[in-house]
Amino acid sequence: MRPQKEKIQCPFCGYKMPIERDKNAVCKGIYVKCKARNCRKEFEIRINSEIR
Ligand SMILES: [Zn+2]
């Protein structure tokens, strides 16, 4: 089985960031700035943080 990875997308403009997560990733409190030229908003990467 190969790991299922998908790219993190900006919630504002949908730009695909050069950051990948796998299906079971758990994450919160990490902030990145969108790399899209006309967006550049900061957003939190929050993944499955409610589950555990
Ligand atoms: Zn964006």
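Helices (H or I, at least four residues) and strands (E, at least two) are DSSP runs, numbered from the N terminus. What you're looking at is a predicted model: local features need pLDDT of at least 70, side-chain atom pairs count only at pLDDT 80 or more, and totals for chains, interfaces and linings use all residues. Residues are numbered from 1 along each chain as its sequence is written.

**Overall picture**
- The C-alpha trace spans about 35 × 25 × 10 Å along its principal axes.
- Of the 52 residues, 0% count as buried, where buried takes 20 or more other C-beta atoms within 10 Å of a residue's own, exposed means 12 or fewer, partly exposed is in between, and C-beta atoms are placed from the backbone.

**Strands 1 and 2**
- Strand 1 (residues 5–9) pairs with strand 2 in the antiparallel sense over four bridges; to pair, two strands need at least two DSSP bridges between them.
- Lys-5 sits opposite Asp-22 of strand 2.
- Six residues lie between the strands of this hairpin, and Gly-14 takes a positive phi near 85 degrees there.
- Strand 2 lies largely in the open because zero of its seven residues are buried.

**A look at Ile-19**
- Ile-19 belongs to strand 2 (residues 16–22).
- Ile-19 is exposed because it has 12 other C-beta atoms within 10 Å.
- Neighbours within four places in sequence aside, Ile-19 is in contact with Lys-7, Ile-8 and Val-32 (contact means C-beta atoms, placed from the backbone, within 7 Å).

Terms used: Contact = placed C-beta atoms within 7 Å.
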